[in-house]
Amino acid sequence: MLKGSSKRRYTAGVCATGVSVAIAVLVVAIFFVSLARAATIGERVLGYIVLQVQQSGEAWYVEPVKGERWYLGRPADAFRIMRELALGITNRDLAKIPRAGTNDQGDSRLMNRLSGRILLQVEDNGEAWYIYPPTKKRYYLGRPADAFRIMRELGLGITTGDLEQVARAARSP
């Protein structure tokens, strides 16, 4: 039987040990909850142009609304697909999204909403633009060769295994 100060030290030690165990359990629980909430590969590449590093750098576009991947193939194919998937935008709204290479701020709500989208400027000559997700700035796609160059410059490398976790669009070539 413990007496006086020995009893208090024992009780304090048990309490400290209990608190340590509770904290450890809490940390482990938080870790597993955060793992469960981690985005899937498909969610992490929404709106990106990805380059299949194990297949000669074949390019794919992961459409940000449906999350489907589209094979971009040759420059002319990529240009056609980008125009087909494009969302129309007015000159006024497009002006709110800064061009790449500028320090302009733009309209953050609009930029976030259109991140990863390909836009078609409907009031002019139908110019195509890509909103690059990390910067939310727009890149002019111009001619097929320009669009292909932008794809290669901004493309994010992806393994074949990770790419296969992203659904292929039914109409993708």
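**View A. Parallel pairing of strand 1 and strand 8.** Strand 1 and strand 8 are paired in the parallel sense over 3 bridges; strands are DSSP runs (E, at least two residues) and helices likewise (H or I, at least four), numbered from the N terminus, and pairing requires at least two DSSP bridges between two strands. Gln-52 has Ile-158, in strand 8, as its bridge partner. The model is predicted: local features need pLDDT of at least 70 and side-chain atom pairs pLDDT 80 or more, whereas totals for chains, interfaces and linings use all residues. Residues are numbered from 1 along each chain as its sequence is written, and side-chain values use heavy atoms, without hydrogens and water.

View B. Four strands form an open sheet in the order 3-2-1-8, with mixed pairing. Strand 3 (69–71) and strand 8 (156–158) are at the edges and have a single partner strand each, so one side of each lacks a neighbour in the sheet.

**View C. The largest nonpolar core.** Such a core joins buried (under 20% relative accessible area, 1.4 Å probe, protein chains only) Ala, Val, Leu, Ile, Met, Phe, Trp, Tyr and Cys residues through side-chain atoms within 4.5 Å. The largest has 32 residues, of which Val-50, Leu-72, Met-82, Tyr-130, Leu-141 and Met-151 touch the most other members. At least two residues of this core come from each of strand 1 (49–52), strand 2 (58–62), helix 3 (75–85), strand 6 (128–132) and helix 6 (144–154).

**View D. Surroundings of Val-50.** Beyond its neighbours within four places in sequence, Val-50 is in contact (heavy atoms within 4.5 Å) with Val-45, Glu-58, Ala-59, Trp-60, Val-62, Leu-156, Ile-158 and Leu-163.

Technical notes
Buried < 20%, exposed > 50% of the residue type's maximum accessible area, 1.4 Å probe, protein only.
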